[in-house]
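Biologist: Please show me the model, and then let me ask how its terms are applied.

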Amino acid sequence: MTRMNQIRKTASIAIALAVGLSLGSCGGVGSDPADKPAAKTKNVRYETVDDLRKAFVKAGGDCPDWEQTDVVSAALESGNCSGATVISIYVDRSEAKTAADTLTKVGAGLSGEERSVLVGPNWIINNSDDDSSALLPLKRKLGGTIVTAY
């Protein structure tokens, strides 16, 4: 290798190292917490019913006494908060929507009044308050769709 080629090779390596070090010293792209995207909170798919319960409480839902019961048919997991709210997770949106349609129609038929639930990508929140307006604050924070039957 000629002396000129060695100088070029050495200069190229030095430039590459300088660029690498300068990027490393400033933390690189995305190292600042402000650069990271915020955790998604709306229309999230939950892996466990306990994860959904935690999101429910964080969104303002009342759940003083939690019990995972797994008694809701068609649900992967389910539980209730003091008997007042039943939450459940499903394989997918289609199964959750089918369960919500059945639940609201049967509930409305039995009570003779409006029956509403909040349905997400794979979950249902069924509170004891039949009025859909009671679900609006949760919908704003968790996303989902309010399904109602009369």
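**Sheet and disulfide**

Modeller: Strand 4 (residues 115-119) and strand 6 pair in the antiparallel sense over five bridges. This is a predicted model, in which local features need pLDDT of at least 70, side-chain atom pairs count only at pLDDT 80 or more, and totals for chains, interfaces and linings use all residues. Residues are numbered from 1 along each chain as its sequence is written, and side-chain values use heavy atoms, without hydrogens and water.

Biologist: Why are strand 4 and strand 6 called a pair?

Modeller: Two strands pair if DSSP finds at least two bridges between them. Strand 4 and strand 6 have five bridges, so they pair. Within strand 6, Ile-146 is the bridge partner of Leu-118. Strands are DSSP runs (E, at least two residues) and helices likewise (H or I, at least four), numbered from the N terminus.

Biologist: What makes strand 1 and strand 6 edges of the sheet?

Modeller: The open sheet has six strands in the order 1-2-3-5-4-6, with antiparallel pairing. Strand 1 (66-68) and strand 6 (145-149) each have a single partner strand, so one side of each has no neighbour in the sheet.

Biologist: Why are Cys-63 and Cys-81 called a disulfide?

Modeller: A disulfide is a pair of cysteine sulfur atoms within 2.5 Å. The sulfur atoms of Cys-63 and Cys-81 are 2.1 Å apart, so the pair counts as a disulfide. Cys-63 is in the loop between helix 2 and strand 1, and Cys-81 is in strand 2, 18 residues apart.

Biologist: Why is Cys-63 called buried?

Modeller: Buried means under 20% relative accessible area (1.4 Å probe, protein chains only), exposed over 50%, and partly exposed in between. Cys-63 has 13% relative accessibility, so it counts as buried. Cys-81, at 0%, also counts as buried.
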